[in-house]
Amino acid sequence: MHAPLPPSAPLLSLERITKRFGPHTAVDGVSLDLAAGEVFCLLGPSGCGKSTLLRLVAGFEAPDAGAIRLDGADLTALPPHRRPVNMMFQSYALFPHMSVAANVGYGLKGLSLSRRQAAERVENLMKLVRLEGFEARNPDKLSGGQRQRVALARALAREPKLLLLDEPLGALDRTLREETQGELRAIQRRLGTGFVVVTHDPAEAMALADRIGVIERGRLVQVGPARDLYERPANRFVAGLLGDVNLIEGRLGPDEPGGLRTVETALGPIRASGEGAAGAAVVVAVRPERLGLGGAGGLPGTLLEQTFLGDRIRSRIAMADGSVLRASAALPMTEPMPNVGAAVTVAIPADAARVLPA
Amino acid sequence: MSAFARTALGLALVFLYAPILVLVVYSFNDSKLVTVWGGFSTRWYAVLFADGPLIAAALVSLKVALLSAAIAGVLGTLAALALDRHGRFRGRGAYTGLLYAPMVMPEVITGLSLLLLFVGIGLDRGIATIVIAHATFATGFVAVVVGARLKGLDRSLEEAAADLGASPARVFFGITLPLIAPSVAAGFLLAFTLSLDDLVIASFVSGPGATTLPMRLYSQVRLGVNPEINAASTLMIATVGLVVLAASWLTARRGQGA
Amino acid sequence: MSGRFARLLVRGLPLVWLVLFFLVPFAVTLKISFSSPATAQPPYLPVIDWQGGLEGWREFLEALDFQNYRMIVEDALYRDAALSSLGYAGLATAILALIGTPTAYAMARASARWQPILVALVIVPFWTSFLIRVYAWIAILKPEGLLNGALTKLGLIASPLPILDSPTGVLVGLTYAYLPFMVLPLYAVMSRLDPTLLEAAADLGAGRMRAFFTLTLPLALPGLAAGALLCFIPMVGEFIIPDLLGGSDTLMLGRVLWSEFFSNRDWPLASAVAVLLLILIVGPVVLFREAEMRREEAAEGRGR
């Protein structure tokens, strides 16, 4: 899978990076280009290699193969303290024996700033993360959200072209996380710094990222804007990672003009978009919210269960072949819902059905 | 089980402290007989402070303890860093064994073999040889104490410093060392105490003119129970007690993040 | 300072020191254990003639012999001392396990506020002088001492028990001095035990006793093994306790070595005793490390 090139020259460029730990390949031939000012999310389950990829860029690990370039300069052999990128750690890694201001100003040494310039920069950063007045505090005396903002300010102090964020919101509770997402985006837009964010949370990735790269067992399987990934996932893994999905197994029909194909399934023929050789075993992926309940000409089934979720209703429908499909309808609805046990029909719109490799 | 275990704990503590208590109480005994109470008195402390050889021995002990603890502190910290940071280097198992073996080695063996070495290479026996011997067996203890702290240290703190442009030297002296400093101090204190405490090894490797406090006390203890030794012991226990109290007070304060 | 040089320094400095002052002395001791005593300075023969070259070495090697070891094997004194050293250390280790296990268990189950205090209480005596703590027992165990005095007053005994200068005195001293070394490793393992395990056992109907013997004790075995080793090894070579509390009849190798060296000035024989002592304690260490390695392998196997 090759990532589409951003229009201008890339800020960060990873070329076929591979990293092994003993027999385990943590990162497997990853190539990727990032544009300046972009927020890029590396998304995947824990242990998939996304954090290792971040640590390779920061310089804490050395790749077994491949090259890392920033603005065209090769970083691969540079130790971490010589790399013009900075990192915000998952644990924040605030130095417990230094004040908040000393933490934020730690990276300024060796930047040939005057004492006043350095103090000014710290002051501005404290303002940026809204922590004025906390300069002399010890990091232990801060709340989780405040610690997160100190970590962010500290990582931004050297004005890196690229900021690496390892699960930046992972340690915060849910309400704080949503608020902080917005703040993080606002700060990023104001500074124009490129962000690479590692997260295992698809909602977070979709909320933050300009583009998302999905990593599965060390490989970059798909790169693109959230909506592309959601609507046109490259495989079942990506489809399932970004949200609930119905997968219907079948066999792909012959090529047709107009892009749509017919898939023969146990439920009957389904029209879907996608590529593949005629006769190949495939799955048709349909998001629950795109399934239409009721209406004429759908596939017959029985309503098994209905769950009220506040803003929508989720239904489970038993199909003729014994499989179960999940549908989700937004509230309020114009038509009344059928009762549990009633016969219903399920419509699968062709523009919502994707052909994926089995 | 619980009541039984709690009783066992209580008895164990009594067992641990009763002899020390007896020692302290009888240091204030006016009688020369250690087992007969003859009224409260501080006369044995007066005797103690007039005992020139004993005080000289105490000074030798202090000097030896300071020097050997300083050497063991450096060597033990380096060894702990090597074991924690250098990963699975070749000969790591042997390295660990060599580091920890002196801790459990019977003192008579360590003492005798070091003496034979010193005689073999013609090194004059005295304070220097005791310092070398004590530093050798205390290094492992320091390494254990510092190693435990290093293990609990969040690696990302050092990575964050490197990420913010700090050179390896600045990371070590600005981040790692301050964060493990309490354990280095604890290791130093442990090495210091072990040195002050040692009789057997010092007896082997010391020469004329280098009599440590335990050696001096031992020569008197061999002659039987003596209230002056009780007084000396009480002072030593009080010193240790104060140091332990101060250390726990310091760590408690640090724990509050003041 | 280059990174490689720093690494070399960090790893190499302690290594050089320990090789020089721990390994080399052993080699020297081993060599001297094959020499004969002499009234010279140093008091043993042969001495390597460094100027003699190869010829000097040959002469030196020919003069080495096994007479010290023959003496150790043939003279009942050394055999008895070796056996009784093992006996005292083994018995004291067993007593320590019996006392230490419930003590550590009670510490581990104490409230979180009390645990550090209890740990400190167990450690503090260790910080006070070993010699003094052993000395303190003399006044207690003497025939006219405090223990006998108290027992006589209570009418429990008619005449003083001869505890000082007896094997009992040695056992009391060993148990006393090494108790922290048994309790602390046991406590370290027991306090890390997930308390929900015991709750689960109780939930499944196990009483306190059964939970202790089926859960706590088996899971604390590594701590018990570590504690036993930590006590057993130095006790085999112990000198101060048998010397002060054991009387002149108590035979332990540490004491024999001491008197061969200081009283008889027989350095070669003292060296041979040191080698024998080392052989005696290497066995348990090897066994312990093997068990430890097997346990680690098993744990890793489970982890996969």
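Colleague: How many residues does the contact between chain B and chain A take from chain A?

Modeller: This is a predicted model, where local features need pLDDT of at least 70, side-chain atom pairs count only at pLDDT 80 or more, and totals for chains, interfaces and linings use all residues. Residues are numbered from 1 along each chain as its sequence is written, while chains are lettered from A and ligands numbered from 1 in the order in which they are written. Two residues are in contact if their C-beta atoms, placed from the backbone, lie within 7 Å. On that basis chain B puts in 16 residues, and chain A puts in 19 residues.

Colleague: Which element gives the most to the side of chain B that touches chain A?

Modeller: Helices (DSSP runs of H or I, at least four residues) and strands (E, at least two) are numbered from the N terminus. Two elements of chain B give two or more residues here, α8 (168-197) and α7 (155-163). With seven residues, the top giver is α7(B).

Colleague: Which two chains have the most contacts between them?

Modeller: Chains A and C can be ruled out, since no contact joins them and their closest C-alpha atoms lie 11 Å apart. That leaves two pairs that touch, and the most contacts are between chains B and C.

Colleague: How far apart are the centres of domain 1 and domain 2 of chain B?

Modeller: The bounds come from an automatic or database domain assignment, which gives chain B domain 1 (1-41) and domain 2 (48-257). Their contact takes eight residues from domain 1 of chain B and seven residues from domain 2 of chain B. Taken over C-alpha atoms, the centres of these two domains of chain B are separated by 29 Å.
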